[in-house]
Structures are given as structure tokens and as C-alpha cells.
Amino acid sequence: MLTNLIDGFGAFFAKTGVAEIFTKLVADDFYGLKTLVMLAIACVLLYLAIVKKFEPLLLLPIAFGMLIANLPLGEVMHPEFFIDPKYLIDGHDLDMNLIFHKGGLLDLLYLGVKLGIYPPLIFLGIGCMTDFGPLISNPKSILLGAAAQLGVFITFIGAIVLGVFGIGGFGADGTAETIFKEAASIGIIGGADGPTAIYVTKTLAPGLLSAIAIAAYSYMALIPIIQPPFMKMITTKQERQIVMEQLRPVTQKEKILFPIIVTLVVVLIVPDAAPLVGMLMLGNLIKESGVADRLCKTAQNELMNIVTIFLGITVGATAKAETFLTAKTILIIVLGLCAFCVSTIGGLLFGKIMCKVTGGKVNPLIGSAGVSAVPMAARVSQKVGQEENPANFLLMHAMGPNVAGVIGSAVAAGVFLALFA
Amino acid sequence: MTRYVDFEPAEVLGEGLAYTVMGICIVFLILIIIMFVIKAMALFSAPAAEEKKEEPAAPVTEEVREEDGFELIAVITAAVAASMGTSASSIRVRSYKKLDGGAWNRAGRKDLLDNRF
């Protein structure tokens, strides 16, 4: 009886995650140790999300997804079903049969990322929350939204250089195509737009998804720390004190026409940007038309919240030790920071040019708001401007480049997808 | 460097550079087109009545008291601008002073004292 009991417990224990970690501590390419490291990283991210309040709405589910997917034998997520050629039909198509029958909860939810469903739905909600009024009343501020995509492309070429010289393992399968795809996914972090980064990466370099998403959302949370030093370095005290003319009021007719026109222009030229820009503009049209208030409320609240949970937890769950604990992840974090900084600098420099051209009517501080990250980047412009001149209100002026940045990074994403997908 | 089987590094760098320049140009091109379309749109649907130019009024509110009241100045500017229906950029708060005393304070003090008896 007693031996039966001991045997029973022993057999049960052998099937637990604890046993799995400790029996394979160094076996299987350090499986146990790597698992412990991943759990520790997940806990650090949870700490950053809960205590430091780093984009908690996304980082919290991402970190928990990472935690739960790395617990041994849980089988809630199999990232290999989506990236390992062994499990793909002909080496590239998803094996839906396998995912439906062998996949865990998060594998099924991850289909929303892999099939490109969640990011456009989030854009729908963002569209419902965005007021393009400041941009419509000051159309030239849209150029700042383009200039602040500089970091995307500079980082893209930077990652290619690393790949070509074999640093960090980019393009590890030995083809130039892979280098381009991974470089594009890393560069897009500079767009400072989480859903866009996820949308590009899930198509071009799904193996890097978790690292890129974590880098993008962490840096977005750090914008108030990253941007001000560059803003003060690049602009002069006089420039920062410039008070801008009040924006003209925008009619409802203009606000309704805007999303329709932007959709036509962007999608006709870069069809690959259609899902992102199309949904963003649909959301905005729902809001500005004023005839579908219920849809607007649902898209920006319930729908967006539900999608955010699914997106966060599944993106986090793709962070398994084999793909995450690599030199690549560290390089992605470094390159992501460079992308953010170069984008900020690009926006500021273009702001200075506009300041010169308009004879001092444009405060260059609004340039740094050209990185998307609505409305955080615009708030930073407002804050830095007010430090120099307490009666200066740059917020609405900065919202123009800020919302233009969303369109700009979606277009940049469309360009990458058109070139490499 | 044996990993690289199918390309010349210089070739890839050149190609990458071309994509970079092309990408920046396309992003600018599209946003410039949108800019012109917005401008064109404004011609047709701009607000009918030309808004009147605000006079650069400079209402002065009392004396200076604190040095670091930046936020307070911002709030006062915004409040004055809103109540005057003008732009915040046409107003400058030169100084402000906190008022103490006042009828309500006196009434309250009297009330408290009366309660003691």
C-alpha cells in the first residue's frame, strides 16, 4: 500500500513541470536553465508593467503570455507550428489541420496575429479615437510625420550591414532575402507603432515577433525619457520658445472627407498598406460621420480591449527560449532604440527646416511628435515647449505630426510588405 | 563567412541602400500628395465666415508672487483665453497674486467663533 502510494507520487512528480526543469537542467541544450531564465524575464516584464506602468495594457498580457508559454509541458502554445519549416506544408504554408488538432489555446488565438487580423482591428479602434483636425488645419505638419520615419529606414540599412557582415545572426539561413525581411521588421520599430510593427513582423520575420513587439512597446513607454535630451540638443532656446499661430477651425465636411481621401491615395499607391490604413480610416469615418455612434463606442472600447488581450498574450507566448535567448534579441533591443532616436532626430531636423522656411512660424519641437505613439509624443513636445515658455501651448500643433506619423509608419510598413512579402 | 551562399555582400548592401532611399521617397511622396489634397479640400469646404482677427490683448492679473507657477500660469492663460473667446497665444499673463481674506473667509471665521460661545 505504502509503496504503491510512493510509486504513485513518484510517477506523478515525474510528470510535473518542476521535474521537467530539474531533470533537463543542462540536458537538451540547457533546457531547464533556459526555461528558468525565460520565467525570470517574464517576471521582470510583469514588474515593469505593474509597478513601473510601462504600457501596462499591452506589456502585462505580453509578459504573462511569456510566463505561461514557457512553463514546461503546458502545451498552450507551439510557436514552432508557425515558423519551423518542419511543421509547415512545403516549408512555408501553415498546416491548419495540425494547428486545429494539436494546438493549444494560445495557438488558436495566435491565428489572429498570424493571419493579420488583430493589428488592423486595433487600428480600427485607434481611428475611432483619433482627431485628424489639427492635421487638416495645418496640412504641412504631415511632412513631419514623414520625416520621423527616417529611423525606420536608417535602422533597416543598419541591420542589413550587420547581416551582411554576419553579426548577430541576421539572415542565418544564408539568403539575402532573409536579411532584408529581418532588417525591415527591425526597422519598423522606429515607426513607434506597436500594431504596425507586429503586422510587418508576423509576415516577414515571425521568429523575431516577440522580441520586436517587446522592444517596440517598451520604447513607446520610454518616449518621455528618450526624446527630451534630443529635443534640447538639436533645437535652440529661441526655437523652443516659438509660439505658433492658433489652428483654424475645421469643418465637419473636411473631417468626413479626410479619411476617404487618405484611403484612396494610400491604397491606390501602396495596396499592401490597405488593411492598416483602411481600418484606421474606417474607424475615423465612423467617428466623424456622427451617424454610427454605437459602432464608434464598440470599436474604441470593447472590441479594442478584447483584441488587445488576445494580441498581447499570444505575442508574448511566442517568446520561447530557443528564439528569444539569442544575440539577435539583444541586437534588436539596441537597434530598436537607435530606430527611435533617429526617428526623433529626423522629425526635429525637418522641424528646424520648416522653422527656417516659414520664417520662424513653426516650433521645431513639434517635429519629434512625428513618431506615432499617439498621444505620448505630442505630450512630450508640449511639456518641453512649456519648460521654455510657460504660456506656450504646442499640444494641438504637435497632434498634427503625431497622427501623420501613424499614417507615415503604416505607409512605410506597406512599402516593406510590397518589397519583401 | 561561408554561410552566405547566394550573394555578394556589396551587392546586398547596394540593393538595401536602394530600398532605403526608395522607401523614404515613397513615404514622403504619399504624404505630400495627401498634404496637397487636404489643401485643395480646404479651398472647397473651408469655414464660410472668415474668423475675425483677435486683438493682441494683454490682460494683467494682479501682482507676482511665486517663481515656479508655470503650470498655474498656463491654466490662467487657458482660462482667460477661453472666457474671452480668443487664442492663448494672444494673451500673456505678466503677473498674478493669490488673494487672502475676502468676505467668505471672514464669514467662516465668524461662524466658527460664534460656535464656541
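Reader: What should I keep in mind about numbering and confidence?

Author: Residues are numbered from 1 along each chain as its sequence is written, with chains lettered from A and ligands numbered from 1 in the order in which they are written. The model is predicted, so local features need pLDDT of at least 70 and side-chain atom pairs count only at pLDDT 80 or more, while totals for chains, interfaces and linings use all residues.

Reader: What is the secondary structure of chain A?

Author: Chain A has 23 helices and zero strands. Helices here are DSSP runs of H or I with at least four residues, strands are runs of E with at least two, and both are numbered from the N terminus.

Reader: Why is A:Ala373 called buried, and A:Phe30 partly exposed?

Author: Happy to count neighbours with you! A residue is buried if 20 or more other C-beta atoms lie within 10 Å of its own, exposed if 12 or fewer, and partly exposed in between, with C-beta atoms placed from the backbone. A:Ala373 has 28 such atoms, so it is buried; A:Phe30 has 15, so it is partly exposed. In chain A, buried residues make up 55% of the 421 residues.

Reader: What makes α18(A) and α23(A) roughly antiparallel?

Author: Their axes cross at roughly 155° and come within 9 Å. Axes are lines fitted to C-alpha atoms, for helices over the stretch in contact, and angles run from 0 to 180 degrees between N-to-C directions. Angles under 35 degrees count as roughly parallel, over 145 as roughly antiparallel, 65 to 115 as roughly perpendicular and the rest as oblique. The crossing angle therefore makes α18(A) roughly antiparallel to α23(A).

Reader: Which residues of α18(A) and α23(A) meet?

Author: A:Leu276, A:Val277 and A:Leu280 in α18(A) meet A:Val406, A:Ile407, A:Ala410 and A:Ala413 in α23(A). Contact requires C-beta atoms, placed from the backbone, within 7 Å.

Reader: Which residues have the most contacts inside the largest nonpolar core?

Author: Among them are A:Val411, A:Ala413 and B:Leu31, in a core of 147 residues. Such a core is a set of buried Ala, Val, Leu, Ile, Met, Phe, Trp, Tyr and Cys residues joined through C-beta atoms within 7 Å. Helix α23 (residues 395–420) of chain A gives the most to this core, 13 residues. A:Val411 touches residues including A:Val266, B:Val27 and B:Ile30.

Reader: How many residues does each chain bring to the contact?

Author: Chain B brings 39 residues and chain A brings 45. On the chain B side, the largest share, 23 residues, comes from α1(B).

How values were computed. Contact = placed C-beta atoms within 7 Å. Lists of a residue's contacts leave out its neighbours within four places in sequence.
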